[in-house]
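Hi,

Here is the structure I promised to pass along. Have a look at it first, and then read on for my notes.

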Amino acid sequence: MRGGFGDAPSFDDAAASDGATSSGGAAFGGATSSEASVGRLCHNVLNPLHTCVYFAPEREDALAVLGLERGTMAYLAGRAAPLGAVGAGTVTATFYNFNHEHVARYIPAAWAVTTPEAVLAARLRGVDATLRRLLGKEALASKEMAEAAGLALRATEAGRREARPLYAANASLSVPEEPHLALWHAATLLREHRGDGHLAALTVAGLSGIEALVLHNATGTTVKSAVFKQTRGWSAEQWAAARGRLCERGLLDEAGEITDAGSALRGEVEALTDRLDAAPYDHLGPAATARLTELAGGFTGMLRAAGAFPAALFGKG
């Protein structure tokens, strides 16, 4: 997830299209597919259609043209732009797992360089270039792409804006005309709808942003801790302190391995997230949700085959 359990996709939901859950598939010792909601299974194959752009150069290239620094500034501005020219506090609150001091180095400075409107336009150009390279012209022009976009957009009709700031901000944007961009837009809405609910679930579980990152990393199903530390601005000392707090709660053992209690808590968080995120998929209905899962799974498989998610970035430790 984009919240405490990682803005980067889990390896299973980024690189697989077999219905593994975002808590970790059976192969990773997490919940099995039969235990996951149909909405979560659909999310797990839709989410990579959004997140693939964060592993690709095209989006950052488009934002750099505006004068934004590559790396953290471009990332934060690109994701925060739907909210407008907000300050660091808003970004920290909505992104959840970033060190506030790290965010404050780049936001609101980014808005002195360019505007949210210019960032949104550049973001979409980067998305377009990324999907054209990874999926190819045939897939983008296919009837399956148009069908998937239509189904995903229908699901977004039932999204709730209340207490969902990133979803609400993205829901105010116009839907792109081209099917592959419309699908990316819809995948973004559904991702942020689930993500905003996920933050509420993490709060109920008493997990801070960095603690949820450490707990997720212990499953081995997301990016390595070095990636989280660099991109989220956490020091080795802060990471170790968070790990210590999780050990005190019995969620990790002394070796940093996730315990049964830690796995159970993650399962509870995902189950609550499922309930908070049920509306789009209830609105879509079982048959259409299954069809969207099938279509999105096919496109995610193509992303994986094209090398969209570098395996070297993922893993425990």
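Below is what I found, going from the whole chain down to single residues.

First, a caveat: this is a predicted model. The protein chain comes to 17 helices and zero strands. Of its 317 residues, 58% are buried. If you take the contacts with a separation of 6 or more, 75% of them join residues 24 or more positions apart.

Now the nonpolar cores. The largest has 59 residues, and the members that touch the most others are Leu46, Leu49, Cys52, Leu183, Leu207, Leu292 and Leu303. Helix H11 (residues 179-204) is the top contributor to this core, giving 10 residues. Another core lies apart from it, with 23 residues, including Tyr75, Phe95, Tyr106 and Ala122.

That brings me to the aromatics. The structure holds seven aromatic pairs. One of them joins tyrosine 75 and phenylalanine 95 edge-to-face, at 6.3 Å centre to centre and with 80 degrees between the planes. Tyrosine 75 is in helix H4 (residues 72-80) and phenylalanine 95 is in helix H5 (residues 88-95), so this pair ties together parts that are 20 residues apart in sequence. Both tyrosine 75 and phenylalanine 95 are buried.

Tyrosine 75 also pairs with phenylalanine 98, and here the rings are stacked, with 5.8 Å between centres and 20 degrees between planes. This pair links distant parts of the chain too: tyrosine 75 sits in H4, while phenylalanine 98 is in the loop between H5 and helix H6 (100-104), 23 residues apart. How buried are the two rings' residues? Tyrosine 75 has 14% relative accessibility and counts as buried, and phenylalanine 98 counts as buried at 3%. Together with Tyr54, the residues Tyr75, Phe95 and Phe98 form one aromatic cluster. There is a charge in the picture as well: the charged end of arginine 79 sits over the ring of phenylalanine 95, 4.6 Å from the ring centre.

Staying with H4, take a look at glycine 78, which has its place in that helix. Its relative accessible area is 0%, so glycine 78 is buried. Which residues does glycine 78 contact, leaving aside its neighbours within four places in sequence? They are Arg59, Leu63, Val119 and Arg123. For arginine 123, the C-alpha atom is separated from that of glycine 78 by 6.4 Å, although the two residues are 45 apart along the chain.

Next, helix H2 (residues 38-51). H2 has 14 residues and spans 20 Å from its first C-alpha to its last, close to the 20 Å expected at 1.5 Å a residue. Where does H2 bend? The bend is at asparagine 44, by about 30 degrees, and proline 48 follows within four residues. Because 13 of the 14 residues of H2 are buried, the helix is largely enclosed by the rest of the structure.

Serine 225 is buried, with a relative accessible area of 8%. Not counting residues up to four places away in sequence, serine 225 touches Asn217, Trp239 and Gly317.

Cheers

Methods. Residues are numbered from 1 along each chain as its sequence is written. This is a predicted model: local features need pLDDT of at least 70, side-chain atom pairs count only at pLDDT 80 or more; totals for chains, interfaces and linings use all residues. Side-chain values use heavy atoms; hydrogens and water are left out. Rings of Phe, Tyr and Trp (its six-membered ring) pair if their centres lie within 6.5 Å; planes under 30 degrees apart count as stacked, over 60 as edge-to-face and the rest as tilted. Helices (H or I, at least four residues) and strands (E, at least two) are DSSP runs, numbered from the N terminus. Buried means under 20% relative accessible area, exposed over 50%, partly exposed in between (1.4 Å probe, protein chains only). A charge sits over a ring if NZ of Lys or CZ of Arg is within 6 Å of the ring centre and within 35 degrees of the ring normal. A nonpolar core is a set of buried Ala, Val, Leu, Ile, Met, Phe, Trp, Tyr and Cys residues joined through side-chain atoms within 4.5 Å. The expected span of a helix is 1.5 Å times one less than its number of residues. The bend at a residue is the angle between axes fitted to the seven residues ending there and the seven starting there. Contact means heavy atoms within 4.5 Å.
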